[in-house]
Amino acid sequence: MLWFPAVLALALVVLPVVGLLVRTNLTRFPSLLVTPSSLHALQLSVTTAALSTVACVVLGVPLAVVLARSRVPGVRLLRSVVLLPLVLPPVVGGLALLYLLGRKGFLGQLVNWLIGEQVPFTTGAVVIAQTFVAMPFLVVSLEGALRGSGDRYEQVAATLGARPWTVFRRVTLPLLLPALGSGMVLSFARALGEFGATITFAGSLEGVTRTLPLEVYNQAEVDIDSAVALALLLIVVAIVVIAVARPRSWEGGLR
C-alpha cells in the first residue's frame with residue numbers, strides 16, 4: 001500500500017530534474033558551463049556558502065545549547081523566533097535585512113558611521129543573507145540531538161567538579177558532533193541554493209553578489225540553454241554535498 005504514494009513522491013522530485021535533462025542542449029553543455037560569468041557565479045556561491053556555514057556554526061551552536069538546556073521562561077517563544085526563517089518567504093527575509101542594515105536602517109546607519117561602508121549589495125551581504133536562512137537548519141539539528149541525549153552526562157560532570165566551559169568542551173560538544181556534521185551539510189546546501197533573500201538584500205552584481213542561483217535566473221531571460229545547464233550544475237553540486245557528506249554524519253550518529 002505504501003509503494004504507490006512513495007513512487008508518486010519520488011516522481012515529484014525526480015521528474016522535474018529529468019525534464020531539465022531532456023531540455024539540455026548537450027552539444028553546448030560544456031561551453032555553457034565554462035563561461036566567465038558561470039565560473040564566477042560558481043566560485044562565489046561555494047565561497048559564500050562555506051563562509052555562511054562557518055557563521056552558522058559559530059553562532060548556531062551556542063544558540064542551540066541555550067535553547068535545549070535553558071529553563072528560562074520564554075524559551076519556547078525564542079525558539080519560534082529563531083525558526084522563523086524556515087517559514088518566512090526568503091524575499092521577506094531579504095527585505096527585513098535591507099531595512100535593518102540598509103542605508104536608512106538603524107543598524108545600517110551605525111555600521112556606516114563606524115566603518116564608512118554600507119552592507120547591502122556587497123559580498124558580505126550575500127553571506128549575511130545565506131546565514132539568515134540557513135542557520136535554523138543547524139539549530140534544529142543540534143537542539144534535537146541535545147534533547148534526545150538528555151543532560152545526565154553534563155550533570156555528572158558538573159557534580160565531579162568540572163567547570164561549565166569544561167563540561168561544554170569535554171561533554172556537550174562530543175555529543176553534538178554527529179548532529180553538527182548533518183546540520184553543517186544542510187546549512188551549506190541551503191546557503192548554496194539561496195535566491196530570494198540574496199537578490200533582495202545583496203542584489204545581482206556580477207562577480208560581487210551574483211551567485212549561481214541568481215546567474216540561473218539572469219540567464220533564463222537571455223539564454224535558456226545556459227540557464228538549464230547552470231541549473232543542472234547546481235543540482236549536481238547539491239547532490240554531491242548531500243549524498244557524499246551527509247551519510248558520513250549519519251554513520252557517526254549510529255555508532
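Guide: Welcome! UniProt, in an unreviewed entry, places the feature "transmembrane region" at residues 43–68, 80–101, 121–146, 167–189 and 227–245; such annotations may be inferred rather than shown by experiment. The model is predicted: local features need pLDDT of at least 70, side-chain atom pairs count only at pLDDT 80 or more, and totals for chains, interfaces and linings use all residues. Residues are numbered from 1 along each chain as its sequence is written, and side-chain values use heavy atoms, without hydrogens and water.

Visitor: What makes up residues 43–68, helix or strand?

Guide: This span is 100% helix and 0% strand, with its end C-alpha atoms 36 Å apart. Helices here are DSSP runs (H or I, at least four residues), and strands are E runs of at least two.

Visitor: Why is V14 called partly exposed?

Guide: Its relative accessible area is 37%. Buried means under 20% and exposed over 50%, with partly exposed in between (1.4 Å probe, protein chains only), so V14 counts as partly exposed. V14 sits in helix α1 (residues 3–23).

Visitor: Which residues touch the most other members of the largest nonpolar core?

Guide: Among its 35 residues, they are V61, V139, L142, L176, L212 and L230. A nonpolar core is a set of buried Ala, Val, Leu, Ile, Met, Phe, Trp, Tyr and Cys residues joined through side-chain atoms within 4.5 Å. Another core, of ten residues, lies apart from it and includes V126, V133, A197 and F201.

Visitor: What is V61 in contact with, leaving aside neighbours within four places in sequence?

Guide: V61 is in contact (heavy atoms within 4.5 Å) with C56, L138, L142, F168, L173, L176 and L180.
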